[in-house]
Amino acid sequence: MEKIYKHAICIHPYFRDSHAGSLGLAVFPPIGLEYIVAALRPHVGELTFVDLRLPGPLRDLDSLNAYISEKCDLICLSINWEYHFREVCDLVKQLPHHITTVVGGQQATDCVEEIFDMCPNVDMIVRGEGEDTIKEIATGRNPEDILGLSYRLNGGLFHNANRDLGEIENYRFPDRSLRSQDYSLNMGGFALKGEQFDMILTSRGCPYNCKFCTFNMNPWTQKRRYSTRSIEAVMTELEQVKAGMILIADENFFVNPSRAKKICETIVERGIRKRFFVQARIEIFERPDVLQAAVNAGIKVMLLGIESPTDRILEQLNKGFDTEKVRRAFEVFRQFPIYYHGYFIYGNIGETDEEMLRIPAFARELGLDSITYQKLRVDKYSPLRELVEADQRYFIGDDRIVYRKGIGRQGLKKISREITRSFYTPAHLVSILRKLFSVGLFTGRDVPALLSSLPAVLYDMTGREFKKMVKRMRLAHSA
């Protein structure tokens, strides 16, 4: 059967990640877009996948536009994040206007009208998860009949009804052969040579209802129900992944502890030797047998949402646990050779400066190896918006961050710096490296890059006195 579109190009339109600082993984594979690519591929003649964060012949706009104009008749882009939103839209509107252009992603779902307004060449916006929608676009179905689609027609904008969110088991997993190069772990601007990094999903959605969460509900009032892949499908994908380090990007890998245990046991049975990062909730401490299975399978890092050292704030956020339960959880966690990273939110409604500054002490008490702390954010559809708007002491900034009157952006920055200085001391950074080696995440071949990155991390954490050291170490590393 003849394909309607002869050559589609799918573009990740960001030139850098928001988390590309010294403590971050510099480049995550755009797994969401890669699922769209997998869904689209059988329905077009040829397909090109471009990640603009990676070096390549299509990374500059002139070359990209020339390639598109010569070869392509369908452009698909993923606008997933708020950071660099206007810059991304500026890039999109400079792409060839005579070629059908489709945009999707979380931020596109949030900002349908804004994207249409800023990018006159965008013909369609896919709202929410887009695997089924993009297939219908590619096979030529009338836009008026495609659920989950917003589109232009005769000078007007139209928004079709939502599409029911499908079962993840029905979606093709990413075809990594379309990547222009492998992804690597990166710290402090130094790629860890030979350490390929990748991501997989074994499920989508989360059954919990934390009030700050913006990943399970979109502005079209859809909540992503928890949906799992079969264990056999997960193993098939894992056996095809070359990377030695893998983030299991489920919002909570341990939603079903028995299923998670079976996945871990099957990894061992199949002889799959990888090092895994997983996202989790603290409740998994109640299943030490699952934690032991996780260790056996190669789970080296657990990313845990703690959110606050204050019970009142935890209740406000509807976390479902209190600080005493967190303490009991870490009494169990500390028995297992896993690196624990905790997430916190500061600047919550009614939270005092002293309560925010309690984060580093609480993290140390628990035995967290590292922490991330983010300002409270309220999106259009967040359950917290009503609470913020009802409290005259607070306002929501243009960046959707919640600010307390009288403290504002600069006050929160000062608190952030104080949390950083208190937790990330030079001695603790050394203990981080020691732990990463002791749990087996890193090996001896990573030592040069890690040592080279340490001054950059210290500079990020502690200030200008490390600037010259950073420059010297980077020069030495590149020589």
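The largest cavity holds about 40 Å³ of space, and it is one of two cavities of 30 Å³ or more that turn up in a search of the whole structure. A cavity here is a set of points on a 1 Å grid over the protein atoms alone where a 1.4 Å probe fits but cannot get out, with lining residues having an atom within 4 Å of a point; points are joined across faces, edges and corners, and the volume is the space filled by probe spheres set on them. This is a predicted model, in which local features need pLDDT of at least 70 and side-chain atom pairs pLDDT 80 or more, while totals for chains, interfaces and linings use all residues. Residues are numbered from 1 along each chain as its sequence is written, and side-chain values use heavy atoms, with hydrogens and water left out.

Strand β18 (residues 402–404) gives the largest share of the lining of the largest cavity, three residues; strands are DSSP runs of E, at least two residues, and helices runs of H or I, at least four, numbered from the N terminus. The lining of the largest cavity splits into six nonpolar, two polar and two charged residues, counting Ala, Val, Leu, Ile, Met, Phe, Trp, Tyr, Cys and Pro as nonpolar, Asp, Glu, Lys and Arg as charged, and the others, Gly among them, as polar. The second largest cavity, at about 30 Å³, has two nonpolar, one polar and four charged lining residues. Arg-163 is one of the residues lining this second cavity, and Arg-163 is also among the residues that Glu-136 touches (heavy atoms within 4.5 Å), not counting residues up to four places away in sequence. Glu-136 itself sits in helix α6 (residues 131–138).

Tyr-151 and Phe-158 are stacked, because their ring centres are 5.6 Å apart and their planes at 25°. Phe-330 and Tyr-340, with centres 6.0 Å apart and planes at 70°, pair edge-to-face. Phe-330 belongs to helix α11 (residues 323–333) and Tyr-340 to strand β15 (residues 339–346), so this pair ties together parts 10 residues apart in sequence. Phe-28, Phe-197 and Phe-277 make up one aromatic cluster.

How values were computed: Phe/Tyr/Trp six-rings, centres within 6.5 Å; stacked < 30°, edge-to-face > 60°. 1 Å grid on protein atoms, 1.4 Å probe; cavity = no way out; pocket = protein on both sides within 12 Å on 5 of 7 lines; lining within 4 Å.
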